[in-house]
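Keep the 3D view open and try each task before reading its solution.

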Amino acid sequence: MNEQELHFFRTKNEGYEPFTPAAALKAFENDIIPIEFFINKSTSVKSIEEKPYDFEAIDRMLAIKDIDIKTTRFLMMIFKIMVKDRDSERALYGAEAINVIESRYNKRIEMLKEKLKKEGDQNIKYELAQKYYELALISEKQKDIKRFFLKTAYYYLKDAKTGNTLAFKNLELLINILLEFNFNKQALSTIKNIDIKHKAALLFLLARVEFKNKHYNEVYKILQEIKQCGDTLDDEIKKILEYWIGNNERAD
Amino acid sequence: MKQQRPAVILAELSAVLVVLGIANFFLTINDPGYFSLPFNPYFIFALFATLLYGKYYGLFSLLVSIILIVIPTPAYKYFFESYHITFSYWIKLGQKAVTPFSLTLVGIFVFGLIRDSLKLDLDKTKYILNTITKEKAILDNEVKALKKVNRELEMRVYTQEDSTVMLYSKIQELYSHNFQKGLDLLLNIAQTYTGATVCSIWEYNQELKRLELRMNFGWDMDMDRITRIPVEDSIEGWVLRNNMMFSVRMVMQYENLARMDKGRNILTVPIAVGHKVWGVFNIEDIPFEKYNLYTEKYLLMIMALVAPALDKAFEYEAFSIQENVNVVTGFPPFSHFYIILEQELSRVKFEKGRLSVMIVELVNYGDLLHELSKDGVFALFLLISERIKELSDNKAMFFHYKNDNQISYILPNLDYDGCSLFCLNILEMINKRDWELNKKTVLPEIVLGYTSLTDDKQSAEDLLAIAENLLEMQKV
């Protein structure tokens with residue numbers, strides 16, 4: 001927040017103070033208040049999950065077309081609870097919202113499929129696999145549908161793969177798909193077939209898979225290898241290394 | 001475009017006319033006003049000025065032109081050539097000028113009207129454009145603000161799932177004095193804030209020295225799961241006995257834990273209720289990135305935060321059950337029956353076991369009430385229940401049902417056929433025996449409603465609806 005905005009908050013008690021975000025927007029349009037007031041009013045929302053629901057905030061979130069998958073999953077969780085609401089209007093709203101999110105994904109997938117038909121670019125298949133994987137994640141509770149989406153994502157990845165190489169992003173996606181399927185051993189053999197020596201990102205991926213397979217000794221060894229390989233590590237990996245290895249050696 | 005000031009325009013117009021006048025003076029001194037030419041530069045200029053600046057500027061040009069025509073030439077002639085100027089000079093000049101002057105006046109008026117109308121249109125368009133530009137500027141600002149707001153909102157929603165504000169409001173919900181709901185919330189909070197994909201809550205059964213599954217998240221119904229864990233030789237038991245947290249890293253450090261490890265535990269913490277360890281919370285699966293010191297600390301913090309609320313709910317529930325236990329029969333009320341039935345169902349489903357529910361209704365309750373009083377009827381219920389307990393090999397759990405003339409049983413390890421047979425045995429036993437109470441013979445008339453857990457009937461509500469339905473059918 002800059003000085004000007006701070007100044008506004010110090011002096012805003014003089015004159016008209018709209019109560020709702022909509023009123024603040026109207027007042028801003030008519031040069032009665034500065035834009036900061038509207039921003040302040042609009043973002044001073046309660047938690048989206050809290051009841052009674054703030055439908056204005058939910059609507060605004062729903063209107064954003066490029067929400068990331070974590071937020072989408074969170075919203076879906078709220079809508080799935082809302083669908084079971086005793087109030088039929090709220091239940092209907094929940095169902096409509098789920099429909100909006102799903103049809104947004106479907107439209108994107110259809111667009112990518114058409115693009116694939118026209119251009120035949122293999123990278124589009126990776127994009128399609130990613131979208132299907134995300135659809136599987138938001139269909140968490142419907143197991144059969146989830147499996148179908150995961151399967152489709154897997155086939156697109158398999159189809160797009162030329163030779164034995166996969167970009168890290170796509171390899172990570174493949175591993176994620178296998179882990180979601182609970183094919184932990186297949187995930188392990190997939191990553192072990194790749195030359196991962198001295199590559200921190202790949203080693204970390206391997207550690208993830210070994211952890212899922214409950215091979216904790218292996219996880220420890222891999223993390224030690226990551227520590228020694230000297231790559232620049234991000235903070236999250238550093239924290240995990242510190243947690244597992246610390247400064248002391250293990251008492252074998 | 002910058003608008004010219006009227007004084008400048010007037011000066012410019014005057015300057016051009018003066019030039020025209022000078023040219024007129026030097027080129028055709030005997031024809032002031034260019035009246036011998038087929039067109040008149042002065043008047044054409046006036047029309048031009050009208051088109052360019054409007055009718056008033058046209059009239060001004062015309063006026064200046066007249067002054068330039070009428071004054072300089074005769075003045076020169078009078079002063080420098082001693083020419084005697086009479087009034088007839090101007091009359092003659094007037095006669096020459098009258099037609100072009102009148103045409104120019106009409107022209108100025110007409111062109112002025114056209115120009116005014118065009119200017120009006122132009123002004124209108126300008127006004128519209130101005131309004132659009134202003135609105136666009138406001139809209140641009142709004143879009144900027146909305147983008148900021150959306151970004152902020154998205155970030156807020158993104159972080160909301162595991163925000164401290166959310167944790168606070170969920171902890172507040174725990175103070176509902178409902179222990180079952182409290183545990184449910186604890187499972188939800190712990191799952192949300194640690195990112196656990198599979199987790200469960202286990203209750204310690206002091207009598208049987210084992211931990212029993214109370215609830216879970218993420219268990220796959222297709223997989224075989226154990227729902228009872230011995231306190232000895234298990235990680236859960238170790239956590240319970242030592243009131244300490246278990247983290248899977250410890251398996252690599254301590255041999256005893258490695259021996260006990262069955263691959264079920266990643267993070268296991270004790271749940272304290274009152275001053276005792278009530279049970280354990282176990283995380284069975286968690287994303288690798290989430291398994292860190294932060295999650296460990298967070299889990300311990302959550303347990304510390306929920307403990308007072310759980311403690312209160314447990315105390316309240318224990319008190320409420322104790323208060324509502326029937327003094328004659330010693331059976332808990334219907335509300336407790338429902339909770340126990342739900343717990344048993346969730347456990348039996350994962351064990352892929354069997355469970356039946358039975359409701360016994362005393363049809364001649366009114367007569368017996370008149371004969372024995374309410375406590376007497378309850379004593380009769382106790383008597384019947386003791387016999388039923390014997391028949392079930394002490395496995396049946398007894399509760400009061402919705403009405404005073406009804407009691408209900410939970411019968412573990414009994415399927416539908418077994419339950420039907422058991423009901424026949426009960427009816428036979430009741431009809432064969434002589435029932436005596438306070439040295440009085442009584443004749444209890446009972447009807448039975450029962451049902452068993454099947455693939456399509458999984459909830460407590462479903463089971464009770466079927467049993468009640470069967471009961472009603474017998475009464476018709």
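The model you see is predicted.

**Exercise 1. Work out how many helices and strands chain A has.**

Solution. Chain A has 13 helices and zero strands. Of its 252 residues, 29% count as buried.

**Exercise 2. Find the strands at the edges of the sheet in chain B.**

Solution. Start with the strand order: the open sheet of six strands in chain B reads E3-E2-E1-E6-E5-E4, with antiparallel pairing. Next, look at the edges, where strand E3 (228-230) and strand E4 (246-247) of chain B stand. Each has a single partner strand, so one side of each is left without a neighbour in the sheet.

Now zoom in on one pair. Strand E1 (residues 198-205) and strand E2 (residues 210-217) of chain B run antiparallel and are joined by seven bridges. Ile201(B), for instance, has Met215(B) in E2(B) as its bridge partner.

**Exercise 3. Decide whether Lys209(B) is buried or exposed.**

Solution. First locate Lys209(B), in the loop between E1 and E2 of chain B. Its phi is near 50°, a positive value in a residue other than glycine. Lys209(B) has 11, so Lys209(B) is exposed.

Note on methods. Residues are numbered from 1 along each chain as its sequence is written. Chains are lettered from A and ligands numbered from 1 in the order in which they are written. This is a predicted model: local features need pLDDT of at least 70, side-chain atom pairs count only at pLDDT 80 or more; totals for chains, interfaces and linings use all residues. Two strands pair if DSSP finds at least two bridges between them. Helices (H or I, at least four residues) and strands (E, at least two) are DSSP runs, numbered from the N terminus. A residue is buried if 20 or more other C-beta atoms lie within 10 Å of its own, exposed if 12 or fewer, and partly exposed in between; C-beta atoms are placed from the backbone.
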